[in-house]
Amino acid sequence: MSKKFFAELIGTFVLVFLGTGAAVLGGGADSVVGYASIALAFGLTIVASAYSIGTVSGAHLNPAVSIALYLNKRIDSKELGTYILGQVVGALLGSFALLAITGDNATLGQNVVADGYSLVTGFLVEVILTFIFILVILTVTSSRKGNAQLAGLVIGLTLTLIHFVGIPVTGMSANPARSLAPALLAGGDALSQIWIFILAPIVGGILASIVSQSLLETE
C-alpha cells in the first residue's frame, strides 16, 4: 500500500474518532459539549490533519472530496481508489475504537435524519452543505486561485460552520466514510438511511466540481 493510503487511513481514523467521540463521550448535542464543541472537534481535526498527514496525501479524509478532485483531474483513477479505501478503513477503525471505549454500538455518533424532518429534507441539507464545503476546498486548494498556506485553516473552519446547520437535521455528515462506519456497527435507522449519507455528499461534491470549473475557473 502507498503512503497516501496510510495517510488517509490515519487522518480519517482521527476525524471519526475525535469527531464522533466528542458527540458521544460529551453527552451529545444537548449536553454541555453542545453543537459548538462537536462542530469544532470535526473542524479542528481537519486543521490538524491538513498540516500533518496533508503533507503526504492532501488530507482528503472524505470520499466525496476525493471524487470531486478526481473530476477536476487533480488525482487519477488509481489514486481515487487508494484514497477511498484508506478513508473507509480509517473510519471503520475510528468507530471500532470508540466502540471499545463505550461498549455500546447504539452510541457511535451515527447519522440519522432527526424527528420532524423528512428524508428528502435530510438529503437536501446534506447536498447543500457538502456543496458549500467542497466548493471552498476546490477553490482554496486551487493552484490558480487558492492559498496553500491558509487552506487547512479555511477548510477546517468551513467544516465547523456547516455543522451548525447540519447537526440539528442529520447530525451532519458531508462524508460517506464518516457515516458508513458507525452505521455498519449501529444498524437500525442509521443503516437503513445510509444511502442519504453516501449519495447526498457525492452529489454535492459533483455539483461543487462543476461550479468550480465552469464559474470560478479554479482549474
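Helices (H or I, at least four residues) and strands (E, at least two) are taken as DSSP runs and numbered from the N terminus. The structure is a predicted model, in which local features need pLDDT of at least 70 and side-chain atom pairs count only at pLDDT 80 or more, while totals for chains, interfaces and linings use all residues. Residues are numbered from 1 along each chain as its sequence is written, and side-chain values use heavy atoms, with hydrogens and water left out.

Leucine 61 is placed in the loop between helix H3 (54-57) and helix H4 (63-71). Its phi is positive, near 60°, in a residue other than glycine. Leucine 61 counts as buried because its relative accessibility is 1%, where buried means under 20% relative accessible area (1.4 Å probe, protein chains only). Alanine 174 occupies the loop between helix H7 (148-170) and helix H8 (176-186). Although not a glycine, alanine 174 has a positive phi of about 60°, and at 1% relative accessibility alanine 174 counts as buried.

A nonpolar core is defined as a set of buried Ala, Val, Leu, Ile, Met, Phe, Trp, Tyr and Cys residues joined through side-chain atoms within 4.5 Å. The largest such core holds 30 residues, of which Phe133, Ile134 and Ile162 touch the most other members. At least two residues of this core come from each of helix H1 (3-25), helix H2 (34-50), H4, helix H6 (119-140) and H7. The greatest contribution, 8 residues, is that of H6. A second, separate core of 6 residues includes Val113, Ala183, Ala190 and Ile196.

Methods:
Buried < 20%, exposed > 50% of the residue type's maximum accessible area, 1.4 Å probe, protein only.
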